[in-house]
Amino acid sequence: DDGFGQYDENQITEVPLDKLPEGSSVGTQLRVQGPNGPMVAQVKELKENSAVLDFNHPLVGLPLTMTVTLISFEEAPPATQLGVETQKPGDGATFPKKGDTLTMHYTGTLASTGAKFDSSRDRGEPFKFQIG
C-alpha cells in the first residue's frame with residue numbers, strides 16, 4: 001500500500017521565482033540536481049516573489065498494485081559461489097534499521113555465463129539505498 005511512500009511535508013520547499021525556468025506554472029514538473037542525483041519537483045503554488053515546490057513522488061499515498069508473470073527461474077548458486085568482501089566489520093550489536101542509508105559496492109554477473117553486466121566499482125561510485 002505504500003509503494004510511493006507517505007506524503008511528507010518536509011518535501012515541500014519555497015524557492016525564489018527567478019530560480020525557475022521561464023514559463024513555469026502551477027503543475028510544471030522540474031528536474032533538478034539533488035545531493036544524491038536527479039530529483040523531480042512539481043510547482044504547487046506561485047507567489048509574488050517565490051514558488052512552492054513539492055518533491056514528493058507524484059503518486060505518493062496512492063496504492064501500488066502490480067501484476068507479475070514469472071517466466072522462469074533458476075536455483076540460487078551455492079553460498080560457496082557467492083563472494084562477500086567485508087570492508088569494515090560490524091560490532092555485532094547494532095544493525096541497519098528502517099530509514100538508515102546503506103552504502104555498498106557490487107558486481108553483477110550473469111549466472112549462466114559469468115559475464116559481468118554491471119559494477120559499482122567500475123564506476124567508482126558505491127550503490128546507496130535506504131532500508132525499508
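These legends go with several close-up views of a predicted model.

**How to read the views.** Residues are numbered from 1 along each chain as its sequence is written, and side-chain values use heavy atoms, with hydrogens and water left out. Because this is a predicted model, local features need pLDDT of at least 70 and side-chain atom pairs count only at pLDDT 80 or more, while totals for chains, interfaces and linings use all residues.

**View 1. Confidence along the chain.** The protein chain has a mean pLDDT (the predictor's confidence in each residue, from 0 to 100) of 85, and 98% of its residues reach 70 or more. Confidence is highest in β4, at a mean of 95, and lowest in strand β6 (residues 107-109), at 82.

**View 2. An open sheet of four strands.** Follow the order β1-β4-β3-β2, with antiparallel pairing. Strands are DSSP runs (E, at least two residues), numbered from the N terminus, and two of them pair if DSSP finds at least two bridges between them. β1 (12-16) and β2 (29-34) each have a single partner strand, so one side of each is left without a neighbour in the sheet.

**View 3. Where β1 meets β4.** Five bridges join β1 to strand β4 (residues 50-54), and the two run antiparallel. Look for E14, whose bridge partner in β4 is V52.
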